[in-house]
Amino acid sequence: MQAPVAVQAPAAAPGVEDLAQATLPGATFHRWLADCRQRGPLTLTRYAGQTAYLISGHSALAAAFRDNPRFPPAEAYRRTIEPVQGLTFQTMEDDEHRLYRRLATPAFRSTAVARMEVEGLAALARELLAQLPPGGGDFAHHFSHRYPFMVISRMLGIPLAREEAFRGWASGFLAFTSDPQHAAQCARDITDYLLPLLAERRSQPQEDVISALLHTDVDGQYLTDEEVLSHIRLLFTAGASTTVDALGNLLYLLLSQRERWQQLREQPALRAGAIEEVLRLESPVAILPRVSAEQAVSFAGVEIPAGSFCLFAIAGANRDPAVFASPDHYDPTRDTSRTLLSFGPGPRLCPGMHLARRQLRVVLDTLLQELPQLSLANEEAARPCGTVLRGPPVLPLRY
Ligand code: HEM
């Protein structure tokens with residue numbers, strides 16, 4: 001018989017009033033996470049007005065990501081996103097999650113995506129660069145906030161003439177926590193716009209993601225129109241702001257220490273490693289909120305009450321010195337292929353990670369080629385902030 005594991009009270013995280021509201025710019029956030037990690041793999045903090053259990057040690061977090069019984073992933077999404085996004089595999093568990101994920105994710109790897117990856121991504125980056133105001137400006141406004149939306153629109157097969165309107169609806173829809181009424185209106189606009197397009201693609205499939213979503217089956221089961229619409233909304237909620245932040249973090253970390261930028265100009269072979277290192281040092285999904293199981297569970301020697309907020313601190317685990325030597329140091333030659341947690345390991349592993357990495361690489365190559373003199377005009381204003389999604393609020397650049 002196994003000896004019972006001693007259950008202890010978790011240490012309190014250092015003072016942050018409520019992580020859902022905190023911004024913790026730049027290094028403040030990483031110092032705070034390091035402080036939490038030193039107090040134990042689980043620390044007590046506050047999130048959205050409630051007590052929350054923050055998991056910031058690498059091995060504890062990697063285990064928690066794979067532990068669906070204790071940390072069922074769907075519940076947190078049901079509370080936040082499902083009412084506006086609709087039913088998707090994100091709010092399903094186990095077999096149902098697997099089935100719907102198989103139905104909906106081949107769309108990310110369809111011929112349209114493959115074609116987009118090789119031909120379209122660089123052309124789109126150049127198209128946006130050509131519209132930059134001369135001399136300098138907020139690159140977040142002119143580029144990084146637009147590019148990932150346009151990539152998704154083009155993959156979906158939205159006609160170019162309506163791309164700008166569609167982008168407005170999609171980004172309005174994403175503001176569902178700060179402006180729910182406007183978000184609901186934008187969701188209706190997206191639906192009104194897409195329904196006739198769905199009917200067209202159902203009868204005449206094209207090589208685009210909408211057609212792939214409509215025509216993929218698993219054992220004879222297809223997605224309904226409403227399910228296709230929800231999964232299109234999911235592409236924006238999961239794939240747009242994350243990539244916007246990833247692009248911003250990439251530029252901030254490379255330009256705030258310009259020798260890094262210069263090194264990548266001279267040594268293109270380091271670019272792939274630089275992208276991985278930026279994803280580790282400033283993970284766009286910095287803390288992922290989960291809700292623990294309906295019964296109290298014990299984890300890492302701590303008793304967690306039923307239905308508690310558990311905060312998966314990806315940004316903390318990605319700098320755990322037990323796994324990463326000199327964890328705060330940028331090293332584009334570091335091998336993180338088995339240890340990076342930015343895309344979440346386990347059954348929820350980000351199905352868009354190849355597309356995200358591809359976008360980062362294409363934008364990096366294009367900028368190093370077209371705007372090699374790029375520099376930060378205001379380092380402090382561009383510091384990444386946010387605790388759940390994290391990126392620079394603005395990117396004042398000179399070019
Ligand atoms: C750098 C950019 C990105 C980051 C950091 C990121 C991160 C993540 C993480 C951490 C998860 C796991 C969530 C969980 O465990 O609950 C996830 C899931 C997901 N991601 Fe991404 N993602 C990125 C880009 C994308 C893109 C471009 C797409 C699609 C176009 C996408 C689609 C999804 C979807 C659909 C899920 C849900 C998977 C599931 O529930 O089975 N992501 N992502």
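Helix H1 is the top contributor to the lining of the second largest pocket, giving 6 residues. Before going on, note that this is a predicted model, where local features need pLDDT of at least 70, side-chain atom pairs count only at pLDDT 80 or more, and totals for chains, interfaces and linings use all residues. Residues are numbered from 1 along each chain as its sequence is written, and side-chain values use heavy atoms, with hydrogens and water left out.

Back to that pocket (on a 1 Å grid over the protein atoms alone, an open set of points with protein on both sides within 12 Å along at least five of seven lines; lining residues have an atom within 4 Å of a point). The second largest pocket holds about 420 Å³ of space. Its lining has 23 residues, with Gly26, Ala27, His30, Leu253 and Arg319 lying nearest the centre. Two or more lining residues come from each of H1 (27-39), H13 (241-255) and H16 (314-317). By class, that lining splits into 10 nonpolar, 5 polar and 8 charged residues.

The iron atom of the ligand has Cys350 (SG), at 2.3 Å, as its only protein donor (donors being N, O and S atoms within 2.8 Å of the metal, or 3.2 Å for Na, K and Ca). Cys350 sits in the loop between H16 and helix H17 (353-370).

Next, a helix pair. The axes of H8 (residues 147-156) and H9 (residues 163-174) come within 10 Å and cross at roughly 120°, and the crossing is right-handed. On the H8 side, Phe149, Met150, Ser153, Arg154 and Leu156 take part, meeting H9 residues that include Phe166, Arg167 and Leu174 (contact means heavy atoms within 4.5 Å). The residues of this contact are 6 nonpolar, 2 polar and 3 charged.

The largest cavity holds about 50 Å³. Phe89, Ala104, Phe108, Leu213, His231, Leu234 and Leu235 line the largest cavity, and helix H12 (residues 225-239) supplies the largest share, 3 residues. That lining counts 6 nonpolar, 1 polar and no charged residues.

Technical notes. On a 1 Å grid over the protein atoms alone, a cavity is a set of points where a 1.4 Å probe fits but cannot get out, and a pocket is an open set with protein on both sides within 12 Å along at least five of seven lines; lining residues have an atom within 4 Å of a point. Grid points are joined across faces, edges and corners, and a volume is the space filled by probe spheres set on the points. Helices (H or I, at least four residues) and strands (E, at least two) are DSSP runs, numbered from the N terminus. Ala, Val, Leu, Ile, Met, Phe, Trp, Tyr, Cys and Pro count as nonpolar, Asp, Glu, Lys and Arg as charged, and the others, Gly among them, as polar. Axes are lines fitted to C-alpha atoms, for helices over the stretch in contact, and angles run from 0 to 180 degrees between N-to-C directions. A crossing is left-handed if the near helix is turned anticlockwise from the far one by less than a right angle, and right-handed if clockwise.
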